[in-house]
Amino acid sequence: MSGPGSVAAGALELLAGRGQSLAVAESLTGGLVAGALTAVPGASRVVRGSVTAYATDIKRDVLGVDGALLAACGAVDGEVARQMASGVRRVLGADWGLATTGVAGPDPQDGYPVGTVFVAVRGPDGAGAVRRLALAGDRDRIRQDTIQAVLALLLSELTENTRAKDTEQHGGNGCLQP
């Protein structure tokens, strides 16, 4: 499979076959992941909805991301992405949650350069993964590559990982250092 449409279709087909649902929490992608998913015919069998949590207070107040973590690390962080994915699962009553957070540009944020992105997938029974990406290109390219990456991570979790795992490593304060 190649391209976000075919990856989205493959993931949605697997989820539908399992009778499972999906929700999305997005920051830098601003709804584009949900758009890619809902562009697939029949997506309504699986997709519960999405939260575009562009502002930090929305991440905290709607998705339940730890306020102390946000204060200490900022919004560009692997643990923030993980908590966003977990929060959207809870808020929208889905089996699986996806999340994107990062810096699409044009300026650095929270000490991270443009192109630093974290994507996360959280599923039933603690399944999930977080990936740190270092993307190149302009704002549009970074956002498109983020969509591809989070959908590929979901498909990978659905096809390759049946046991719970979390692949992100954190420092002592919970923040990933730039």
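Author: A residue is exposed when its relative accessible area is over 50%, buried when it is under 20%, and partly exposed in between. The model is predicted.

Reader: What makes aspartate 61 exposed?

Author: Its relative accessible area is 52%. The cut-off for exposed is over 50%. Aspartate 61 therefore counts as exposed.

Reader: Why is arginine 60 called partly exposed?

Author: Arginine 60 has 38% relative accessibility. That value lies between the 20% and 50% limits, so the label is partly exposed.

Reader: How do you know that arginine 60 forms a salt bridge with aspartate 61?

Author: Their closest N and O atoms are 2.7 Å apart. A salt bridge needs a side-chain nitrogen of Lys or Arg within 4 Å of a carboxyl oxygen of Asp or Glu. The pair therefore qualifies. In general, side chains of opposite charge can pair when their charged atoms come close.

Reader: How many salt bridges does a search of the whole structure find?

Author: Three. Another one joins arginine 82 to glutamate 79, with the closest N and O atoms 2.5 Å apart. That is within 4 Å, so the pair counts.

Reader: What separates arginine 82 and glutamate 79 along helix α5?

Author: About one helical turn, because they are three residues apart in α5, which covers residues 78-92. Glutamate 79 has 14% relative accessibility. The limit for buried is under 20%, so glutamate 79 is buried.

Reader: What makes aspartate 145 and arginine 141 a salt bridge?

Author: The closest N and O atoms of aspartate 145 and arginine 141 are 3.0 Å apart. The cut-off is 4 Å, so this is a salt bridge. The two residues are four apart in helix α6 (residues 139-160), which means about one helical turn between them. Aspartate 145 has a relative accessible area of 25%, and arginine 141 has 41%.

Reader: Which pattern does the chain follow along the sequence?

Author: The pattern reads α-β-α-β-α-α-α-β-β-β-α. In numbers, the chain has six helices and five strands. Buried residues make up 52% of its 178 residues.

Reader: Why is strand β4 said to be largely enclosed?

Author: Seven of its seven residues, 116-122, are buried, so the rest of the structure largely encloses it. Side chains in a regular strand alternate between the two faces of the sheet. In β4, both faces are covered. Thr116, Phe118, Ala120 and Arg122 are buried on one side, and Val117, Val119 and Val121 on the other.

Reader: How do you know that β3 and β4 pair?

Author: Strand β3 (residues 96-102) and β4 share six bridges, in the antiparallel sense. Two strands pair when DSSP finds at least two bridges between them, so this pair meets the rule. Here leucine 98 stands opposite valine 121.

Reader: What makes β4 and β5 a pair?

Author: Seven bridges link β4 to β5 (residues 128-134), again antiparallel. The rule asks for at least two, so they pair. Alanine 120 stands opposite valine 130 in β5. Five residues lie between the strands of this hairpin, and aspartate 125 takes a positive phi near 55 degrees.

Reader: Why is alanine 25 called buried?

Author: Alanine 25 has 0% relative accessibility. Alanine 25 sits in strand β1 (residues 22-26). Alanine 99 is 74 residues away in sequence, yet the two C-alpha atoms are 4.6 Å apart. Beyond its sequence neighbours within four places, alanine 25 contacts Val51, Leu63, Met84, Val88, Leu98, Ala99 and Thr100.

Reader: Which residues touch the most other members of the largest nonpolar core?

Author: Leu22, Leu37, Leu98, Leu151 and Leu154, in a core of 34 residues. The elements α1, β1, α2, β3, β4, β5 and α6 each supply at least two residues of this core. Helix α6 gives the largest share, nine residues. Apart from this core lies another of 24 residues, among them Leu63, Leu69, Leu70 and Val88.

Reader: Which residues is leucine 37 in contact with, leaving aside its neighbours within four places in sequence?

Author: Ala8, Leu12, Leu22, Val24, Ala43, Val47, Leu98 and Leu151.

Key:
Residues are numbered from 1 along each chain as its sequence is written. This is a predicted model: local features need pLDDT of at least 70, side-chain atom pairs count only at pLDDT 80 or more; totals for chains, interfaces and linings use all residues. Side-chain values use heavy atoms; hydrogens and water are left out. Buried means under 20% relative accessible area, exposed over 50%, partly exposed in between (1.4 Å probe, protein chains only). Contact means heavy atoms within 4.5 Å. A nonpolar core is a set of buried Ala, Val, Leu, Ile, Met, Phe, Trp, Tyr and Cys residues joined through side-chain atoms within 4.5 Å.
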